[in-house]
Amino acid sequence: MINSVIIVAAGKGKRIGGNTPKQFIKLNKETVLSYSINTFKSIEGISEIIIVTSKDWVSHLSSLYKDCKIVLGGNTRRESVKNGVYACNNNTENILIHDAARPFISKKIITECLTLLNNNDVSVPLLDTHDTLLEINNKVTYLNRNSIKSIQTPQCFNKEKLKVALELDYDTTDEISLVLKKFPSTKIGIAKGSKINFKITDKDDLFIAKSISDTC
Ligand code: CTP
Ligand code: MG
């Protein structure tokens, strides 16, 4: 199987604020983005890494990561992913999409996702919910946490199916939802997610990421 990785790094990080998008903030040794690039580089069976970023960062990243393809992203995640998908090698069969904002992706999760692709249409790490969950609208409803999972990345697909799903005019925060909308009978392979593979979203997350990077 020929596998391409797309790391989406074109977001602005509005929720965390500040001038530098979160994926380019330095943790202990290197930027948030570098952590996942290095992990994907260490996996056998990955033929290329494509980094999707905003116009302000294209030339800087091009000189920094000479062995990756650097591609211009868009205003929506779907546009960013689409640009990455169309930049993949012609012979790519599978695409792994990863959030640049998840620096601590492990080799174990990536390998499990890749293995699951042998018997499934897509694969993705899911994380169990441990807190008690409430839905608060006009009234308060307790939700059954046992049936609620968090979706992480990498999300892994057959390239052609993903391309078709990305044509849907429907903006989402992940790609599995698009594929399911287009192909409802999609068979999903579920890898065991990890709390360590969290997405840096706010200042607390950044604090945690810095603390982890100080200890590794
Ligand atoms: N992303 C992207 N292109 C976009 C929007 C998001 O490549 N137009 C990427 C982000 O860079 C990030 C990942 O998608 O690595 C997950 O998105 P999110 O956590 O929402 O990041 P931001 O959109 O940057 O943050 P915010 O929503 O707080 O602005
Ligand atoms: Mg966002």
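**Cysteines.** I looked up Cys156 and found its sulfur 4.3 Å from the closest cysteine sulfur, that of Cys113, which is too far for a bond. A disulfide is taken here as a pair of cysteine sulfur atoms within 2.5 Å. I accordingly note 0 disulfides in the structure. Cys156 is buried, at 0% relative accessible area, and Cys113 counts as buried at 0% relative accessibility. The scale is relative accessible area with a 1.4 Å probe and protein chains only: buried is under 20%, exposed is over 50%, and partly exposed lies in between.

**Basis.** I record that this is a predicted model, in which local features need pLDDT of at least 70, side-chain atom pairs count only at pLDDT 80 or more, and totals for chains, interfaces and linings use all residues. Residues are numbered from 1 along each chain as its sequence is written, chains are lettered from A and ligands numbered from 1 in the order in which they are written, and side-chain values use heavy atoms, without hydrogens and water.

**Helix H3.** I then turned to H3, residues 77-86, where Arg78, Ser80, Val81, Gly84 and Val85 are buried. They lie on the same side of H3, because they cover an arc of only 160° around the axis (the arc of the directions from the helix axis to the C-beta atoms). Helices (H or I, at least four residues) and strands (E, at least two) are DSSP runs, numbered from the N terminus. The buried residues of H3 pack against several elements, including strand E1 (3-9) and helix H5 (159-166); contact means heavy atoms within 4.5 Å.

**Ile148.** I placed Ile148 in the loop between strands E7 (140-143) and E8 (149-151). Ile148 counts as partly exposed, at 30% relative accessibility.
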